[in-house]
Amino acid sequence: MTKQVQQLDRVIIRFAGDSGDGMQLTGDRFTQETAAFGNDLSTLPNFPAEIRAPAGTLPGVSSFQLHFADHDILTPGDAPNVLVAMNPAALKANLGDLPRGADLIVNTDEFTKRNLAKVGYAASPVEDGSLDEYRVHALPLTSMTVTALTGFDITKKDAERAKNMFALGLLSWLYHRPTEGTLAFLERKFAKKPEIMKANLAAFQAGWSYGETTEAFSVQYEIKPAEHEPGLYRNITGNVALAYGLVAAGEQSGLSIYLGSYPITPASDILHELSKHKRFGVRTFQAEDEIAAVGAALGASFGGSLGVTTTSGPGIALKSETIGLAVATELPLLVIDVQRSGPSTGMPTKTEQADLLQAMHGRNGEAPVPVIAPQSPADCFDAALEAARIAVTYRTPVILLSDGYLANGSEPWKLPDVADLPRIEPGFAEPGQDDFQPFRRDPETLARPWAIPGTAGLEHRIGGLEKADGSGNISYDPANHDKMTRLRQAKVDGIASGIAPLAVDDPSGEARVLVLGWGGTYGAISAAVRRIRRTGRNVAQAHLRHLNPFPANLAEVLRSYDRVVVPEINLGQLALLLRGRFLVDVIGYNQVRGLPFKAEELQGVIQDVIDSE
Amino acid sequence: MSENGAGGANGRANGANGSNGNGSGFAALSLVPKADGKQTMKDFKTDQEVRWCPGCGDYAILAAVQSFLPELGLRRENITFVSGIGCSSRFPYYMNTYGFHSIHGRAPAIATGLATSRPDLSVWVVTGDGDALSIGGNHLIHALRRNVNLKILLFNNRIYGLTKGQYSPTSEIGKITKSTPMGSLDSPFNPLSLAIGAEGTFVARTIDSDRKHLQSVLRQAAEHRGTSLVEIYQNCNIFNDNAFEPLKDASVRDDITIRLEHGEPIVFGADRQKALRRSPSGSFEVVNVADVPASEIAVHDAHNPDPSQAFALSRLDSPAFEHTPIGVFRSVDRPSYDEQLRAQVDEAIETQGRGDLAALLGSGDTWRID
């Protein structure tokens, strides 16, 4: 039957189900299809820390939100236009985010008395009229899947499990997605289980055909490809981009990458990814604890590798003493903190930006550490390279602050030309110097020599005790300690001279209000700023990659605007640093809900400030 | 970039400047470049003033190590000493090699990173009973089970020295110290029992005052493939003086010291009149040589894959020093962690080819926009 085709400029879909329903896989496949089709996109996986919470309960709900459009977009979207709810728990957990009039696809097979009771529904919301303000598509997805798979030599359970592919097929039809990628993916994934493979392919195709033939869907949607710069693209998550950035740092510096890591959510995927790339000379060491992980990384750096450790906030707390040792011994070290909600164990799978002050100050003594943050999933690649450049050039630990949203979220990435990537020069100390001094500094960078074991004539000892300027011998001299403390600070402060000034986006030049952010909030802030400009208001935007040291022009930028709004997913940590450093009365906007900002709420907050001028 | 472990040091540190031969017979050191000329003890001394208390056992150990290293004949720049915190951990400052005085308890972790990334280095860890067994216990046991190519010298003086005299995890129960005026309550670790339980492949004990024995144990430790743990009884003459006096007192030491030699019957005593016999329970008992047939006297087998004999020997040690074995308790061959890690990298390169960055970035589903 012929269906009406409606053009849309953007859609936000959320797939929600039980942890065991395969919602992350479904979302990921839909994303790949959408990427291949050429839409711009942004994703937000949201899942519990528990691997399999009790089936059908609210804590067990896992979801994947995808925003795709025919134009350039910046966030995974505030509220879904379409919610796919595979069970009552998924409906209950997500309904509050669904705006009136949105499409709601519900798997009615799971709306049994028992499942409804599990989440406190007395009656089925599908039948009691409580969903009347949505466009409800009540479909028996499980039983339609099982029916479609009659005749396959698989168990009923395996047939039921293919319901996510039925749903994916239906949604793929609904939004005109190309299917070759998913078909090829299923063939690869189940290559060793041919019957399961055929069943999943059949379920996917049944979902598609159902869309074509049913009267439940009278409209099919089209979202045209977005305009992108010419080039080769792929979709990439923050954690994979970060791992690739580390591999690239090894290639661009000629240093072996040595990752010491202890598994922790949401950083473990970087360890998983890097462990696959041994052919680049990458060594990965799963240590006995966080402390050993950073210790091994630092030991490797002492030996002339680029030592890296990956973790989240609780791991940083444990690594603090070793980071201090890296400050004192002035060795390159990359410390990757994929931030999550804290304090303590907090909410391991939920995002937050609350480790900034820990990164800045979480060590004993005066222990300055450069801090940088990526602003989008793909940007994790460039941020990793930049962190490596600073660590190697200045012989210093560097903390890179990613977060759970960037780590698991994804976006299309235009692949860089490898030939254009920056070189990083290790500049090892040369053997055979007569008057070698391990703490004699480069006059420009204040970096000390990196003289690695095996270099004849440069034998020396380093450690956490204070060292005499130049010789590096143990020193308790008061004036020397004061000097060395200031030198270490000056070295880190001097990094600012090698970084680009902070760029301010102020197209009209008339803005009186600046929005300043850092890290993973870039997309939401930028989307809010666009909306505000569409209302005719002027607003300037800047986003910090370098948090320590700040770009040299930051003071000037802050003083160029009447008001500065600083949205952060913490209780005002950057705001505290800005006030302390620049005596500027910035206006914080803060939330710690474990979720990224919504563009709409930021729009409101910033407009209020503009309108109060 | 170098693939086989030289930390990417442009191949320079990758043994490229030294012979990689295995001429010395030290299998574990086959990748460490050899010195060109003959070395002496003086080559390993630094110009730093040694700051241990006069009379400290550490002096004897330092001299023993400095005079032993020329025997290995390794390039000085390819030797690294890594330490934690405590009196013993000042050791690297006095060795004219590369050295890293790190933080409390973490030396095995830091040394693991170094040893697993640089096969051309001989990496030594110097630690104490507090550093290794208290704050750093976790790293010690994991280094042992992994069998990383590290030589760990554990100076055991059964007291905290640098913090001025608190009891340590090897202090005897009831130890009166500043922090335990009514006596310590905790049972001590037996470091060798712990090391054997942690799957250690080389476990030995020696004494600071017996240079000849100490150096013979160091030699065997250096030759060993993987982690060597050498417990060195070391006297702290300030806070725990004479802790090992029975083992040093000429009038009694021969009667209580059991010198273990692989393949030899375990006989000891001033007149070699005593021996060890394995009892049915598996433990060792002391017997008079005259009272038992020679066939019942235990023969020391350090190479036995079954660790139970070495463990039983380790249990003979007691705070009262009734019978104390010294020497190599256990020395078994098992691939080291670092050589296996290297092999995986080599295999990946061999089977998949050297990594190509552009190909990696473009892996997975891609699309082109013209």
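**How chains A and B meet**

The contact takes 64 residues from chain A and 58 residues from chain B, where two residues are in contact if their C-beta atoms, placed from the backbone, lie within 7 Å. This is a predicted model, in which local features need pLDDT of at least 70, side-chain atom pairs count only at pLDDT 80 or more, and totals for chains, interfaces and linings use all residues. Residues are numbered from 1 along each chain as its sequence is written, and chains are lettered from A in the order in which they are written.

On the side of chain A that touches chain B, H11(A) gives the most, with nine residues. Other elements that give two or more residues include helix H1 (23–37) and strand E9 (231–237) of chain A; helices (H or I, at least four residues) and strands (E, at least two) are DSSP runs, numbered from the N terminus. Strand E9(A) also reaches across to chain B, with four bridges joining it to strand E12 (residues 366–369) of chain B in an antiparallel arrangement. Within this pairing, which requires at least two DSSP bridges between the strands, A:Arg234 has B:Thr366 as its bridge partner.

Turning to chain A itself, its secondary structure comes to 20 helices and 22 strands. An automatic or database domain assignment divides chain A into domain 1 (4–222), domain 2 (234–420), domain 3 (427–498) and domain 4 (504–611). The C-alpha centres of domain 3 of chain A and domain 4 of chain A lie 39 Å apart, and five residues of domain 3 of chain A are in contact with five residues of domain 4 of chain A. Along its principal axes, the C-alpha trace of chain A spans about 85 × 60 × 45 Å.
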